[in-house]
Amino acid sequence: MELTTLWFIVIAFLWIGYFALEGFDFGVGMLMPVLAKNNTERRVMINTIGPVWDGNEVWVLVAGGATFAAFPEWYATLFSGFYLPLLLILVALIVRNLAFEYRHKRDDARWQANWDNAIIFGSLVPAFLWGVAFANIVGGVPIDAEKEFTGTLFTLLNPFGLLGGVVTTLLFATHGAMFVALKTVGDIRHRARALAIKLGVAAAVVAVGFMVWTQIDTGDASSAIAFVAAALALVGALAAAAKGREGWAFVGTFLTIVLAVAGLFLALFPDVMPSSTDAAFSLTTTNAAATAYTLKVMTWVAVFFTPIVIGYQAWSYWVFRKRIGTHHIPTETLEHVA
């Protein structure tokens with residue numbers, strides 16, 4: 001296997017990991033005003049992701065760094081052309097992270113409500129914009145012979161891109177509701193499970209439309225298999241949730257996101273950014289890649305460090321695996337959730 005292909009797979013793996021893991025904590029944040037009836041339940045929801053949200057964000061940092069090193073032309077075109085939506089994502093993530101850290105600093109209802117809103121919108125904005133961005137990456141954007149993006153922000157806000165944003169928002173919300181149901185006890189657990197089923201049905205409808213559209217435009221046999229498997233995983237998740245088996249339901253939504261994002265990368269390959277101006281101007285794994293020596297060094301670094309990072313994150317999930325409920329929340333003082 002060529003190193004350019006290997007690193008395309010590595011970057012796909014990193015983005016898949018990011019969306020499957022960060023997806024549920026985006027969902028938890030978005031659903032706070034829907035699932036939580038009072039401040040105590042909001043604290044329960046935040047505490048479900050408190051030990052893991054920052055580790056989940058490591059995946060996007062590594063994905064961005066790997067793209068910069070392995071495919072500098074891809075990185076340059078992507079981050080210059082998608083500058084505004086990526087800036088909005090970055091700002092939303094920063095505000096959201098600040099909210100996790102500062103919400104507990106004052107025992108004041110207005111203070112906490114403002115930070116709660118920061119968590120909600122700091123989860124919703126990236127969930128939507130990541131879908132818009134990846135839909136445009138797969139569908140193609142105007143790129144000229146100099147490998148420069150020639151469109152505007154409104155170029156990205158096309159029907160296909162907006163549909164991609166709706167899909168990721170609904171999938172992440174379903175994934176988050178499944179996670180809350182898996183990690184909590186009491187009334188909030190049952191409300192989360194019921195909401196997950198409703199959201200999952202809505203997600204299934206729009207996701208099938210988006211995947212069919214993608215398959216018709218750029219897909220092949222491998223992406224079709226991944227998309228069908230993603231749809232079956234979502235159906236299985238909803239069936240498991242209906243039977244009260246939250247563990248299997250969460251596994252189902254996890255696999256749904258993994259397979260759906262994998263399908264997008266399979267539909268994209270061997271391009272990394274197709275040009276809607278002229279196919280000859282498209283960025284591919286060949287013309288956007290770094291030197292062979294750079295890719296070789298990166299491969300050895302990845303072989304050494306990747307198992308360590310994955311192992312540490314798996315250990316943290318195992319340590320914080322138990323369910324929590326309102327009876328775990330102290331009434332006298334606010335608990336640090338970071």
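At what angle do the axes of helix α1 (residues 3-30) and helix α3 (residues 39-49) cross? They cross at roughly 170 degrees and come within 10 Å. That makes α1 roughly antiparallel to α3. Angles over 145 degrees count as roughly antiparallel, under 35 as roughly parallel, 65 to 115 as roughly perpendicular and the rest as oblique. Axes here are lines fitted to C-alpha atoms, for helices over the stretch in contact, with angles from 0 to 180 degrees between N-to-C directions. Helices (H or I, at least four residues) and strands (E, at least two) are DSSP runs, numbered from the N terminus.

This is a predicted model, in which local features need pLDDT of at least 70 and side-chain atom pairs count only at pLDDT 80 or more, while totals for chains, interfaces and linings use all residues. Residues are numbered from 1 along each chain as its sequence is written, and side-chain values use heavy atoms, with hydrogens and water left out.

## Helix pairs

The α1 side of the contact with α3 consists of Phe24, Asp25 and Val28. They meet Met45, Thr48 and Ile49 in α3. Contact means heavy atoms within 4.5 Å. By class, the residues of this contact are four nonpolar, one polar and one charged. Ala, Val, Leu, Ile, Met, Phe, Trp, Tyr, Cys and Pro count as nonpolar, Asp, Glu, Lys and Arg as charged, and the others, Gly among them, as polar.

Helix α4 packs against helix α5 (residues 72-81), with axes that come within 5 Å and cross at roughly 120 degrees. That makes α4 oblique to α5. From α4, the contact takes Gly64, Thr67, Phe68, Ala69 and Ala70. From α5 it takes Pro72, Trp74 and Tyr75. Six of these residues are nonpolar and two are polar, with no charged residues.

## Core and Trp15

The largest nonpolar core has 99 residues. Trp15, Phe82 and Trp130 touch the most other members. Helix α1 gives the most to this core, with 15 residues. A nonpolar core is a set of buried Ala, Val, Leu, Ile, Met, Phe, Trp, Tyr and Cys residues joined through side-chain atoms within 4.5 Å.

Trp15 lies in α1. Leaving out residues up to four places away in sequence, Trp15 touches Val60, Ala63, Thr67, Trp130, Phe134 and Phe265. Its C-alpha atom is 19 Å from that of Phe304, 289 residues apart along the chain.

Thr67 is found in helix α4 (residues 53-70). Its side chain has a polar atom 2.8 Å from the backbone oxygen of Ala63. A polar contact is a pair of N or O atoms within 3.5 Å; within protein, one must be able to donate a hydrogen and the other to accept it, and residues adjacent in sequence count only if both atoms are side-chain atoms. Beyond four places in sequence, Thr67 touches Ile11, Trp15, Pro72, Trp74 and Tyr75.

## Accessibility

Buried means under 20% relative accessible area, exposed over 50%, and partly exposed in between (1.4 Å probe, protein chains only).

| Residue | Relative accessible area | Class |
|---|---|---|
| Thr67 | 3% | buried |
| Ser282 | 5% | buried |
| Trp15 | 8% | buried |
| Lys147 | 25% | partly exposed |
| Val208 | 41% | partly exposed |

Val208 is found in helix α10 (residues 187-218). Its C-alpha atom is separated by 7.3 Å from that of Ala231, 23 residues apart along the chain.

## Loops and backbone

Ser282 lies in the loop between β1 (271-273) and β2 (283-284). Its side chain makes polar contacts with backbone atoms. A polar atom of that side chain lies 2.8 Å from the backbone nitrogen of Ser275. The side chain of Ser282 also reaches the backbone oxygen of Ala279 at 3.1 Å. Not counting residues up to four places away in sequence, Ser282 touches Asp271, Met273, Pro274, Ser275 and Asn287.

Pro270 sits in the loop between α12 (246-268) and β1. A cis peptide bond joins Phe269 and Pro270, with omega about 5 degrees.

Lys147 is found in the loop between α7 (109-139) and α8 (153-156). Its phi is near 65 degrees, a positive value in a residue other than glycine.
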